[in-house]
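Subject: Structure handover

Hi,

Here is the structure I promised to pass on. Please open it alongside this note, which goes through what turned up.

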Amino acid sequence: MNKAITKICCIGAGYVGGPTMAVIAQKCPHIKVTVVDLNQARIDAWNDPNTENIPVYEPGLAEVVAEARGRNLFFSTQVDEAIADAEMIFISVNTPTKTYGTGKGMAADLKYIELCARQIARVSKTDKIVVEKSTLPVRTAEAVKSILQNTGNNVQFQILSNPEFLAEGTAVEDLHAPDRILIGGDTTEEGQIAIQALVDVYANWVPKERILTTNLWSSELSKLTANAFLAQRVSSINALSELCEHTGADISEVSRSIGTDSRIGPKFLNASVGFGGSCFQKDILNLVYIARSYGLTQVADYWEQVIIMNDHQKRRFATKIVKTLYNTISGKKIAFLGWAFKKDTNDTRESAAIYVADDLLNEQATIAVYDPKVAEDQILGDLNYLETRKAEKNAELVDVYEDAYACCKGAHAIAVMTEWDEFKTYDWQRIYDNMIKPAFLFDGRNVVNKKALTEIGFKVYSIGK
Ligand SMILES: NC(=O)c1ccc[n+]([C@@H]2O[C@H](COP(=O)([O-])OP(=O)(O)OC[C@H]3O[C@@H](n4cnc5c(N)ncnc54)[C@H](O)[C@@H]3O)[C@@H](O)[C@H]2O)c1
Ligand SMILES: O=c1ccn([C@@H]2O[C@H](COP(=O)(O)OP(=O)(O)O[C@H]3O[C@H](CO)[C@@H](O)[C@H](O)[C@H]3O)[C@@H](O)[C@H]2O)c(=O)[nH]1
């Protein structure tokens, strides 16, 4: 018979582990949820008495943490103890693109996953359900199972795949009311019992018809597929934005026109300077790598084009700035409004801003950055990570401001890199008055009022218009 879960451990207190477990704890007060991480600073931040200081900025998250923390939600670095104590263990560690060896630049680096599996095997003295929450290549569960079964203490393990579909910036909303929960497991009787145990956890707040169950491989592959489809929509609309710029069509009008077709749907059709975030590029590269490894060249090439198009979109935005500013930006101040990869998050991973800034720095521009949620060390760290130039040079050429007006003062051009709502409410006349003329504005998100700004005197470039 199925025993209800009362103790959950989650390995990895990042953008997924933290919010996901906070919501499980909030919705299931009868379950003790312990989130563990090796990173002491991160755990300390999750335990900060002032919940505004938790390490992940997400609207509504501080309130959820305040409600559950100390009641049935705990953050700790005592990984072994939490694993040993739990009946169900979520693995929510990072799975970045490999930066070395076979599959470098394409495949997912699974070393953190393997370390978790070995640790779970080593410390477990009672039967466990192990849940893959991280995004993983199809058939990873096979390797996890093999490690658990061959290095464990003869306890029984069931592996489930339960990928996360939350988007940053709307994580709490997405977790409270998910489109679906996906749970993959073994088709054996034990596998079905494990699936049911996890279904019962989610059923505390998610309607049953939204909880889908599949076999392990379908679940693992569905996560990569969902991200590939979403990113493909962005690359498709971005590809057409370039055509719009040459034909007099307006990409916003095209998006609206096609999005009203119920078969296409209106979401994810905003042309932009290019998609960023920790997931899309990594997961598509992974998909491409998997297809290649099975010899499926056409399948791999098809999906790779989504990334090629995205790289093109970022580069052409930078090129547009250089060309418009009379083919030289050497010594000119370009003000970046926004650095995060999308609004309402402090996450900058793979943000288009990083790559556009890097291109402009190669042209010897100086860059001023204002982002309401991203701090200077993060911005410089992102540029230093590219290793295009020395850290001292980046520090010399990039200034980070805590005020948008100061950031734009004396600039030759503004580049809107993130669609933060506050950008729409600025006193644009004041900004214009303090800029070098002609004052250029490159809207990488189509968020500012082009007509109003043009009337002020700005020379505005919008994507796809
Ligand atoms: N960020 C998102 O919006 C999102 C959404 C859905 C799925 N995912 C997937 O979820 C996974 C996690 O992503 P993330 O953004 O939360 O990553 P993250 O880097 O924010 O967090 C991962 C955490 O795991 C910790 N960690 C790594 N190895 C560990 C170990 N052996 N023991 C204890 N802690 C360990 C790290 O210290 C880090 O704090 C990835 O596979 C990602 O693709 C991410
Ligand atoms: O019409 C659009 C929609 C999105 N974007 C950009 O695409 C990127 C990704 O946006 P979004 O998908 O909203 O955020 P993520 O947090 O990266 O979420 C994606 O990646 C997660 C990690 O796998 C998944 O869980 C989510 O379902 C999936 O939406 C961002 O740079 C957006 O600005 C556009 O340019 N135009």
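**Ligand 1**

By class, the shell around ligand 1 holds 13 nonpolar, 10 polar and 4 charged residues. Here Ala, Val, Leu, Ile, Met, Phe, Trp, Tyr, Cys and Pro count as nonpolar, Asp, Glu, Lys and Arg as charged, and the others, Gly among them, as polar. In total, 27 residues surround ligand 1, and the closest are Gly12, Gly14, Val16, Ser134 and Thr135. A residue is near a molecule if its C-beta atom, placed from the backbone, lies within 6 Å of it. Helix H5 (residues 111–123) supplies the largest share of this shell, 3 residues. Helices (H or I, at least four residues) and strands (E, at least two) are DSSP runs, numbered from the N terminus.

**Ground rules**

This is a predicted model: local features need pLDDT of at least 70, side-chain atom pairs count only at pLDDT 80 or more, and totals for chains, interfaces and linings use all residues. Residues are numbered from 1 along each chain as its sequence is written, while chains are lettered from A and ligands numbered from 1 in the order in which they are written.

**Ligand 2 and Cys279**

Around ligand 2 there are 20 residues, the closest being Asn270, Ser272, Phe275, Gly277 and Cys279. They divide into 11 nonpolar, 6 polar and 3 charged. Helix H9 (residues 216–247) gives the most to this shell, with 3 residues. Both domain 1 (7–206) and domain 2 (217–465) contribute at least three residues each. The domain bounds come from an automatic or database domain assignment.

Cys279 deserves a look. UniProt lists Cys279 under "active site", in an unreviewed entry. UniProt positions are given in the numbering used here, feature names are shortened, and annotations may be inferred rather than shown by experiment. Cys279 sits in the loop between helix H10 (251–259) and helix H11 (280–293). Is Cys279 buried or exposed? It is buried, because 25 other C-beta atoms lie within 10 Å. The cut-offs: buried means 20 or more other C-beta atoms within 10 Å of a residue's own, exposed means 12 or fewer, and partly exposed is in between, with C-beta atoms placed from the backbone. Leaving aside neighbours within four places in sequence, Cys279 is in contact with Thr135 and Asn227. Contact means that the two C-beta atoms, placed from the backbone, lie within 7 Å.

**Between the domains**

The protein chain is divided into domain 1 (7–206) and domain 2 (217–465). Their centres, taken over C-alpha atoms, are 31 Å apart. How many residues meet across the two domains? 24 residues of domain 1 are in contact with 25 residues of domain 2. On the domain 1 side, helix H6 (140–151) and strand S7 (181–185) each supply at least two residues. S7 gives the largest share of that side, 3 residues. By class, the side of domain 1 that touches domain 2 has 15 nonpolar, 7 polar and 2 charged residues.

**Cores**

The largest nonpolar core has 74 residues, and Ile334, Phe336 and Val356 have the most contacts inside it. Such a core is a set of buried Ala, Val, Leu, Ile, Met, Phe, Trp, Tyr and Cys residues joined through C-beta atoms within 7 Å. Helix H13 (residues 352–362) provides the largest share of this core, 8 residues. A second, separate core of 65 residues includes Ala86, Ile89, Leu148 and Leu175.

**Backbone points to check**

Most residues other than glycine have a negative phi, and most peptide bonds are trans. These places depart from that pattern. Lys437 and Pro438 are joined by a cis peptide bond, with omega about -5°. Pro438 is in the loop between helix H17 (428–433) and strand S13 (440–443). Phe268 has a positive phi, near 60°, and lies in the loop between H10 and H11. Phe268 is partly exposed, with 16 other C-beta atoms within 10 Å. Glu350 also has a positive phi near 60°. Its place is in the loop between strand S9 (333–337) and H13. Glu350 is buried, with 20 other C-beta atoms within 10 Å.

Best wishes
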